[in-house]
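Dear colleague,

Here is the structure I said I would pass on. My notes on it follow below.

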Amino acid sequence: MTDAVIVAAARTAVATSRKGALANTSVEDLGTWVLGETIRRSGLNPDLIDDVIFADSGSTARWAAIENGLMNVPGQSVGRACAGSLTAIGNAAGSIRAGMDAAIIAGGVYSASTAPRSTVRVLGTQDEWVPAGMKIHPVTEEAPSQEVSITVGHSTAVEAGISREEMDAWAYRSH
């Protein structure tokens with residue numbers, strides 16, 4: 001079986017949603033930059049890249065591939081509320097290990113500032129619409145909110161006994 005290895009990595013800066021330094025930067029521009037920088041850092045000939053897999057809210061992988069001259073690379077979008085980037089990397093590794101591809105760039109790209117917004121019709125009405133976000137799970141006592149940072153991050157931290165200060169220190173180191 002072929003090994004799958006990471007030969008380069010790149011990430012964008014992190015900024016405050018809708019008012020930070022990247023508030024007016026499209027997700028396509030973020031994806032284009034991170035893909036181009038990953039190609040540059042890898043030292044790989046772009047002609048060797050078989051696919052681009054991004055967790056995102058559209059088809060940013062294909063957009064970024066075209067913008068970086070990868071006209072024959074398909075691009076794949078992974079839609080997953082949490083750990084989408086990790087899923088994209090796992091999919092890439094699986095494809096390489098299976099011998100289906102030799103070189104894939106995988107990761108994720110998201111912009112809360114420019115993410116598509118949608119509405120949903122209020123049931124029982126003809127023309128009353130309310131904002132609709134992505135529903136990630138049924139609301140229960142154990143997961144009382146659709147807000148991922150509460151249902152996943154906070155709940156996990158409480159269960160594992162991790163303090164807010166420890167979380168902030170880890171976030172600071174990771175960025």
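Isoleucine 39 touches Leu44, Pro46, Ile49, Asn68, Leu70 and Ile105, leaving aside residues up to four places away in sequence. Please keep in mind that this is a predicted model.

Ile39 is also one of the residues with the most contacts inside the largest nonpolar core, alongside Leu35, Val52, Phe54 and Leu70. That core has 15 residues. Two or more residues each come from helix 1 (27–42), strand 1 and helix 2 (60–67), and helix 1 gives the most, with five. There is a second, separate core of seven residues, among them Ile53, Ala88, Ala92 and Ile104.

Next, helix 3. This helix covers residues 84–97, 14 residues in total. From first C-alpha to last, helix 3 reaches 20 Å, close to the 20 Å expected at 1.5 Å a residue. Its buried residues are Gly84, Thr87, Ala88, Ala92, Ser95 and Ile96, and they pack against strand 1 (51–55), strand 2 (76–78) and strand 3 (104–108). After helix 3 comes glycine 99, with a positive phi near 80 degrees.

Last, serine 118, which is found in strand 4 (residues 118–121).

Regards

Methods
Residues are numbered from 1 along each chain as its sequence is written. This is a predicted model: local features need pLDDT of at least 70, side-chain atom pairs count only at pLDDT 80 or more; totals for chains, interfaces and linings use all residues. Side-chain values use heavy atoms; hydrogens and water are left out. Helices (H or I, at least four residues) and strands (E, at least two) are DSSP runs, numbered from the N terminus. The expected span of a helix is 1.5 Å times one less than its number of residues. Buried means under 20% relative accessible area, exposed over 50%, partly exposed in between (1.4 Å probe, protein chains only). Contact means heavy atoms within 4.5 Å. A nonpolar core is a set of buried Ala, Val, Leu, Ile, Met, Phe, Trp, Tyr and Cys residues joined through side-chain atoms within 4.5 Å.
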